[in-house]
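Visitor: Please walk me through this structure, one topic at a time.

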Amino acid sequence: GARRFGMSVNGRQVKMRDFAAELEQQSSESGVPIVFCVGGVAHGDPVSEKNFGANYVEENVSISSYGLSAACVCSKICNEFE
């Protein structure tokens, strides 16, 4: 299966550039794909909800100490993997 990460303000704080580089290296060695779960809601934390992310993701990570829009998070993820 794939490596699955939830993007959450409550997750482990990471620098997206370093995290992406580490994941890309691991993925190229193992051939395992990477999946990011991004919640697109105004309030709450869907990756922590039992029916969405809690039973699906391996780990929650945070790229900011502030809540970000889903569009901003997706942009940051894509930017680091380009």
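Predicted model: local features only at pLDDT ≥ 70, side-chain atom pairs only at ≥ 80, totals over all residues.

Visitor: Which residue does Glu-58 meet in a salt bridge?

Guide: Its partner is Arg-3, at 3.5 Å from N to O. The two come from distant parts of the chain, 55 residues apart: Arg-3 is in strand 1 (residues 3–13), and Glu-58 is in the loop between helix 2 (50–54) and strand 3 (59–62). Helices (H or I, at least four residues) and strands (E, at least two) are DSSP runs, numbered from the N terminus.

Visitor: Is Glu-58 buried or exposed, or in between?

Guide: Glu-58 counts as partly exposed because its relative accessibility is 44%. Arg-3 is also partly exposed, at 28%. Buried means under 20% relative accessible area, exposed over 50%, and partly exposed in between (1.4 Å probe, protein chains only).

Visitor: What about Glu-59, which side chain does it meet in a salt bridge?

Guide: Glu-59 meets Arg-12, with 2.5 Å from N to O. Since Glu-59 lies in strand 3 and Arg-12 in strand 1, this pair ties together parts that are 47 residues apart in sequence. Glu-59 has a relative accessible area of 25% and is partly exposed; Arg-12, at 42%, is partly exposed too.

Visitor: And with which residue does Arg-17 form a salt bridge?

Guide: Arg-17 pairs with Glu-80, and the closest N and O atoms are 3.2 Å apart. Arg-17 belongs to helix 1 (residues 16–30) and Glu-80 to helix 3 (residues 70–81), so the pair ties together parts that are 63 residues apart in sequence. Arg-17 is exposed, with a relative accessible area of 58%.

Visitor: New topic: in what order do the strands form the sheet?

Guide: Three strands form an open sheet in the order 2-1-3, and the pairing is parallel. Strand 2 (34–38) and strand 3 are the edge strands, each pairing on one side only. Neighbouring strands are turned by 45° against each other on average, direction ignored. Two strands pair if DSSP finds at least two bridges between them, and strands 1 and 3 pair over five bridges.

Visitor: Which residue is the bridge partner of Phe-5 in strand 3?

Guide: The partner of Phe-5 is Glu-59. Helix 3 packs on this sheet, touching strand 1 and strand 2, and its direction makes about 160° with that of strand 2. Such axes are lines fitted to C-alpha atoms, for helices over the stretch in contact, with angles from 0 to 180 degrees between N-to-C directions; contact means heavy atoms within 4.5 Å.

Visitor: How many residues does the largest nonpolar core have?

Guide: That core has 12 residues, including Phe-5, Phe-19, Phe-36 and Ile-77. A nonpolar core is a set of buried Ala, Val, Leu, Ile, Met, Phe, Trp, Tyr and Cys residues joined through side-chain atoms within 4.5 Å.

Visitor: Which element gives the most to this core?

Guide: Helix 1 gives the most, with four residues.

Visitor: Which residues does Phe-19 touch?

Guide: Leaving out residues up to four places away in sequence, Phe-19 touches Phe-5, Arg-12, Val-14, Phe-36 and Val-61.

How values were computed:
Residues numbered from 1 in each chain as written. Heavy atoms only, no water. Salt bridge = Lys/Arg side-chain N within 4 Å of Asp/Glu carboxyl O.
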